[in-house]
Amino acid sequence: MSSNNHDLPGVTRRDFLGWASISAVALTALSVFAGIFRMSKPTVRYEESTRFKIGKPENFPAGTVKKLEERGVFIFSGDDGLHAISSVCTHLGCIVAVTETGFQCPCHGSRYNANGKVIGGPAPRNLAWLEISQNVDGTLVVDAAKEVPVGTKFNLYA
Amino acid sequence: MNNTNQTGISVFKENLKSIGKSFSASFLRSGRPISDRSRAAAMFNNFFLHVQGVKTHINTLRPGYTLGLGFASFALLMMTVFTGVLIMIYYNPSIENAYNTVKDINYVVFGGRLLRNVHKWAGEGMIIFVMLHMARVFYTGSYKQGREFNWVVGIALLVCTFGINLSGYMLPWDQLAYWALVIVSNIIQSPKEITDSLGITQYFDIGGLSKELFLGGLHAGKESLTRVYLLHIMLLPMILFIFLGIHFWRIRKDGGLTKPEHFVPSAADTEYLSLPEKKGGIFTTSKTYGLMELAHGKTPAVGKDVEHEVLSWPNLLIAEAALFMLCFAGVVVYAFFIDAPLKELANPLIPENPAKAPWYFLGLQELLSYSAFMGGVGLPGLALLGLALAPYLDREQDHVGIWFSNQQGKKTALLSLVVGTAVLIGILAFAINFGWFRNWWPNVPQLLITLINPGNIWVGFMIIWTVFVVRKTGSTRMGAIALFTMFLVGFVILTYVGTELRGPNWGFYWFKSQWPPH
């Protein structure tokens, strides 16, 4: 696309139009690809909400552990309040089991201590502590999409 | 016709009588293949056969050279397509029905179990044969002399083969399928391991985004099955067949299969070949020829029997037909006796213990048990990149078409096999007995494990060994042989460890009988 008109400075019309068409094609292709990706990223999810009710606080007497299997969380209840720990292993998403020392994953042998901290195996992250809150009707709500710092307890009377 | 007073009706009768003959003449175009000329015409006049050359080099037809591995892979592919279309008659890709329809195919549909078994075993057989075909192409140096690009196309086909197998594994929606899907989706998510270590996940969560695109949601569910089904029956097969077309076309365009530069036909060759009626090709020693203006590349060498080629009809076609029948019989017999696995319905609450991916991914799963990112994305990506770049980094053009190039190549391959096996078993034994960083220092940062783990050390050793071989021999081809041998050693040993020696909680057990109850 080199110009043979050396009198004119800058870009020739031919070069300009050539590059403009190439850019237009590239831009269109890029938009189409971006659109395909955006289109295939679901806007509606056919899944249950990440927020779910777990019942009244009285259901969780101090010193107990409840496993809410279908929700993938453990609810621990102690003297200083409640906390929810995710049962989904941070390695590849298997469901961990409670052991004497904490948690153990059946898939690749990741081990966690009682606070969900990784103490062995390939898991890259600690088990997530999830947010517990209370509805106006008094029931407790866990949000599996909201992580809270380790050690955050939900205390009714605090 | 000899009757000049024929009526229209009698002409019509004649035509009707000879309809078989005239149809076959219109169909075959060049008549029956009874002479060399008509045998050649039979090849280039036939839509299905013209993909192949009219003549085939004797070296290509030697069973010990190609071992028929590429064609066997293609034969298995044809069997998966055939059986796949048939079982699609009953399969329904929804999480409500998928498991039940696969069960129906297995237990109710006439011939369903055999079809499903053939589909499964031919598909998994493809993995073995495609890998072996790759090894044959590599060790005979057939990625050289203009075949560099076709090698890269072959790598793409390898990836498609793995992808189609894996997506098919997820369709029955049993426990195996579901937990394989969960594990694979989390492998796709594993770049999170890096972004987390760098603390940028909240701004740039490439892992989470890829997982969501793959699953069609945050968890494996109905949307995921739709997408996996789409990959298995449409997207990946389309890509596979496009690349396969290019692969075959390039074989022809790149001058057929590789052969040694100084090829000497042996007496044994003539035993199973039918030789051309006219010997010596079109060139005679009494004349001189100048094709320099007409032909690209090397001009034909006059005087020696330039071609060493025989007609593809019947030599090549008989070999292919025999190979196809062998593959067909082998798979059908295997499928008759050995059933494809089908566990209980998928249950998101109870992971399999151990939760294993299909066997061809268990080598990766072993690496995954050290670091999700390196095992799932980093190291396989590096391996594929290394394989794809091999022909561009090793550009020595001699000894093409000879297994292991020469005596030195044989020695290099054998030494790499022994050293690689010893080193990899050493690394694995160490990791299994003594654990890794986190067992010694519980607070070690994840990034350090991602960077230094048994898998990376093995790959690091492969690279060091290759550099050592290149320096020692002064040949990039020897380095390539060393590296590729190590790659195969790694694939085989890691797959074996992941398949046979890993039990509940990914613990190490010599035998399955030692697994604790769980």
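This is a predicted model: local features need pLDDT of at least 70, side-chain atom pairs count only at pLDDT 80 or more; totals for chains, interfaces and linings use all residues.

1. Of the 518 residues of chain B, 46% count as buried. Among contacts in chain B with a separation of 6 or more, 77% come from residues 24 or more positions apart.

2. The domain assignment divides chain B into domain 1 (8–44), domain 2 (53–263 + 307–352) and domain 3 (398–518). The C-alpha centres of domain 1 and domain 2 of chain B are 40 Å apart. Each of these two domains of chain B gives 7 residues to the contact between them.

3. About 580 Å² is buried between domain 1 and domain 2 of chain B, with 88% of that area on carbon and sulfur atoms. On the domain 1 side, the residues touching domain 2 of chain B comprise 5 nonpolar, no polar and 2 charged residues.

4. For the interface of the two chains, 30 residues of chain A are in contact with 38 residues of chain B. Leu92(A), Pro106(A) and His108(A) supply 20% of the area that chain A buries against chain B, more than any other three residues. Chain A and chain B bury about 2800 Å² between them, and carbon and sulfur atoms carry 57% of it.

5. Polar contact joins 9 residue pairs across the interface of chain A and chain B, both residues being at pLDDT 80 or more. On the chain A side, helix H1 (13–40) and strand E8 (118–120) are the elements that give two or more residues. E8(A) gives the most, with 3 residues. By class, the side of chain A that touches chain B has 14 nonpolar, 8 polar and 8 charged residues.

6. How many salt bridges are there between chain A and chain B? The count is 3, while the count over all chains comes to 15. Asp196(B) lies in helix H11 (residues 191–198) of chain B and Arg125(A) in the loop between E8 and strand E9 (129–134) of chain A, so this pair joins two chains. The closest N and O atoms of Asp196(B) and Arg125(A) are 2.8 Å apart. Asp196(B) is partly exposed at a relative accessible area of 27%, and Arg125(A) is partly exposed at 25%. Lys41(A), Arg45(A) and Glu212(B) are linked in a network of salt bridges.

7. Within chain B, Asp339(B) forms a salt bridge with Arg113(B), with the closest N and O atoms 2.8 Å apart. This pair links distant parts of the chain, 226 residues apart: Asp339(B) is in the loop between helix H15 (312–337) and helix H16 (362–368), and Arg113(B) is in helix H8 (residues 112–139). Asp339(B) is partly exposed at 36% relative accessibility, and Arg113(B) is partly exposed at 32%.

8. Glu14(B) forms a salt bridge with Lys17(B), the closest N and O atoms being 3.8 Å apart. Both residues lie in helix H1 (residues 8–17) of chain B, 3 residues apart, and are therefore separated by about one helical turn. Glu14(B) is partly exposed, with a relative accessible area of 31%, whereas Lys17(B) is exposed, with 69%.

Notes
Residues are numbered from 1 along each chain as its sequence is written. Chains are lettered from A and ligands numbered from 1 in the order in which they are written. Side-chain values use heavy atoms; hydrogens and water are left out. Contact means heavy atoms within 4.5 Å. Buried area is the accessible area (1.4 Å probe) that two parts lose on being put together, summed over both. A salt bridge is a side-chain nitrogen of Lys or Arg within 4 Å of a carboxyl oxygen of Asp or Glu. A polar contact is a pair of N or O atoms within 3.5 Å; within protein, one must be able to donate a hydrogen and the other to accept it, and residues adjacent in sequence count only if both atoms are side-chain atoms. Helices (H or I, at least four residues) and strands (E, at least two) are DSSP runs, numbered from the N terminus. Ala, Val, Leu, Ile, Met, Phe, Trp, Tyr, Cys and Pro count as nonpolar, Asp, Glu, Lys and Arg as charged, and the others, Gly among them, as polar. Domain bounds come from an automatic or database domain assignment. Buried means under 20% relative accessible area, exposed over 50%, partly exposed in between (1.4 Å probe, protein chains only).
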